[in-house]
Amino acid sequence: MVTGNVRALSALYRIQRSGLLINTGRCVTKLKRRFCEKAGNPESGGITNFHAIRQMMANLTPLPAVTSLSSRVTRVLGCNPGPFTLQGTNCYLVGTGASRILIDAGEQDNADFISNLNKTLQTEGITIQEIVITHWHRDHTGGIEGICQQACMAQKIPVSKFKQIKASDPMLGHGLEYSYVSDGHVFSAEGATLQAVYTPGHADDHMSLWMKEENSLFTGDTVLGEGTCVFEDLSDYMSSLDKIRNLSPTRLYPAHGPTVENPEEHIGMYISHRLKREGQIVECLQTADKQGLNVQHIVHQVYPGLSEHLNKGAINNVTHHLSKLIKEGRVCKVEDKYMPVATASL
Ligand SMILES: [Zn+2]
């Protein structure tokens, strides 16, 4: 694994030098950790070596450091590329006036990102009126203090998010505090009305933002521009995907990857990807004997021929699906065995 990491990291350096990822930032240690996580997840395609990670990163759509995406939205790339953050975290300046809303704050101490953000503010002659955070993960919150100190002249601007349920948010430095908002809260700037939409699943405090003027949606990490995303609660995640689809947005602004111009098809792909895996698990349980199957048995059937080093990731994925099926009353667990509810009641 160590060899794999070193090779993967050198691959990333080469990709950075190739210019595919513009303004890559300083994230080598984090990349190393992310690579380990990604390597252990069979849903990621089991990225295990230099060639695979190079191919994955090379297949990403190149994104410029700063892009005007519409008359109301400018994307500033967080300069933190990696297997999980793709081209980096997309931070969005939203509005048409002199004072804009910033959605997400990128990672901590990323000088390239702060420099690009500052240049954009100066060139456009605009300031940040407030920061809205889609969820607590560090690639979205790490840059808050740096932005307030270096891009907002140390002003204490509001920083809003949903409150985490299972844990507390870490304290912010420099006297900053989170303002916790509820589902439906409206953030307004000149030319932009953003309504908070609670979309848990990827994280229990996850917020998407509906922009009324464009009928578009900022999806955070619930829907990405390319690839699929990880989740902590599959049942909540699937409900959030349904919620997003029912809004019928005309465009998605994800926190990673390019904008999505075909939301219905794109979200449909996310839903069918998960339902396909779930169908395989249900079928496997239905054809098993009455004693049921443990997770490892299910993994063997659903992921035939899986390499041993991907087993842990597969167990994790199958366990998420089983938890969802239990929550829905379709599967039950007796000791370490899972079985369809109809079988259990016989
Ligand atoms: Zn993220």
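In what order do the 5 strands of the open sheet run? The order is β8-β9-β10-β11-β12, and the pairing is mixed. Strands here are DSSP runs of E at least two residues long, numbered from the N terminus, and two of them count as paired if DSSP finds at least two bridges between them. A quick word on the source: this is a predicted model, where local features need pLDDT of at least 70, side-chain atom pairs count only at pLDDT 80 or more, and totals for chains, interfaces and linings use all residues. Residues are numbered from 1 along each chain as its sequence is written.

At the edges sit β8 (186-189) and β12 (251-254), each with a single partner strand, so one side of each has no neighbour in the sheet. On average, neighbouring strands are turned by 25° against each other, direction ignored; the axes behind such angles are lines fitted to C-alpha atoms, and angles run from 0 to 180 degrees between N-to-C directions.

Now to β10 (residues 207-211). Strand β9 (residues 192-198) runs antiparallel to β10, and 5 bridges join the two. Across this pair, Ala196 faces Leu209, while Tyr198 stands opposite Met207. Going on to β11 (residues 216-220), the pairing with β10 is antiparallel too, with 3 bridges. Leu209 turns up again here, standing opposite Phe218 in β11. β10 and β11 make a hairpin with 4 residues between them, and Asn215 in the turn has a positive phi of about 50°.

As for burial, 4 of the 5 residues of β10 are buried, so this strand is largely enclosed by the rest of the structure. Buried means that 20 or more other C-beta atoms, placed from the backbone, lie within 10 Å of the residue's own.

Terms used: A residue is buried if 20 or more other C-beta atoms lie within 10 Å of its own, exposed if 12 or fewer, and partly exposed in between; C-beta atoms are placed from the backbone.
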